[in-house]
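Reader: Please take me through this model. I want each label set against its cut-off.

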Amino acid sequence: MTDADIEDRIFVLLALRQPEATICPSEVALSLVGEDGAWRDHMPHVRQVAQALAQHHRLRVTRGGVPVSATAPGGPIRLGLPRAEEGGAPTSDPAAAP
């Protein structure tokens with residue numbers, strides 16, 4: 001599983017949702033590895049890719065609705081498209097990176 005695989009899957013899953021909806025990083029891992037696979041083993045990698053996307057304002061990472069680091073400990077996080085007021089590019093197109 002490459003960074004590009006994870007990035008693509010994040011944006012595909014978000015494109016299937018309502019514009020303000022979020023996904024769980026586990027959804028990304030599960031969709032790439034499958035429930036029979038060791039998807040939990042891939043969670044740190046998914047979180048690292050999510051953090052990189054957030055640093056480039058291509059993804060919003062929250063915990064309880066508050067922006068957080070995707071790699072910081074402390075509980076479950078959600079991934080969503082950035083909001084326009086946050087300076088992000090609200091798009092599900094990975095090629096539209098700033």
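Reader: What makes G64 stand out in the hairpin of strand 2 and strand 3?
Author: G64 takes a positive phi near 65°. The hairpin has two residues between its strands. This is a predicted model, in which local features need pLDDT of at least 70, side-chain atom pairs count only at pLDDT 80 or more, and totals for chains, interfaces and linings use all residues. Residues are numbered from 1 along each chain as its sequence is written, and side-chain values use heavy atoms, without hydrogens and water.

Reader: How do you know that strand 2 and strand 3 pair?
Author: Two strands pair if DSSP finds at least two bridges between them. Strand 2 and strand 3 have two bridges, in the antiparallel sense, so they meet the definition. R63 stands opposite V66 in strand 3. T62 stands opposite P67. Strands here are DSSP runs of E with at least two residues, helices are runs of H or I with at least four, and both are numbered from the N terminus.

Reader: Which bridges join strand 2 to strand 4, and how many are there?
Author: Three bridges join strand 2 to strand 4, and the two run antiparallel. In strand 4, L79 is the bridge partner of V61.

Reader: What is the strand order in the sheet?
Author: The open sheet of four strands has the order 1-4-2-3, with antiparallel pairing. Strand 1 (22-23) and strand 3 (66-67) each have a single partner strand, so one side of each is left without a neighbour in the sheet.

Reader: Why is T62 called buried?
Author: Buried means under 20% relative accessible area, with exposed over 50% and partly exposed in between (1.4 Å probe, protein chains only). T62 has 8%, so it is buried. Leaving aside neighbours within four places in sequence, T62 is in contact (heavy atoms within 4.5 Å) with P67, V68, P76, I77 and R78.

Reader: Which residues touch the most other members of the largest nonpolar core?
Author: Such a core is a set of buried Ala, Val, Leu, Ile, Met, Phe, Trp, Tyr and Cys residues joined through side-chain atoms within 4.5 Å. Of its 21 residues, I10, I23, V28, L59, V61 and L79 touch the most other members. Helix 3 gives the most to this core, with six residues.
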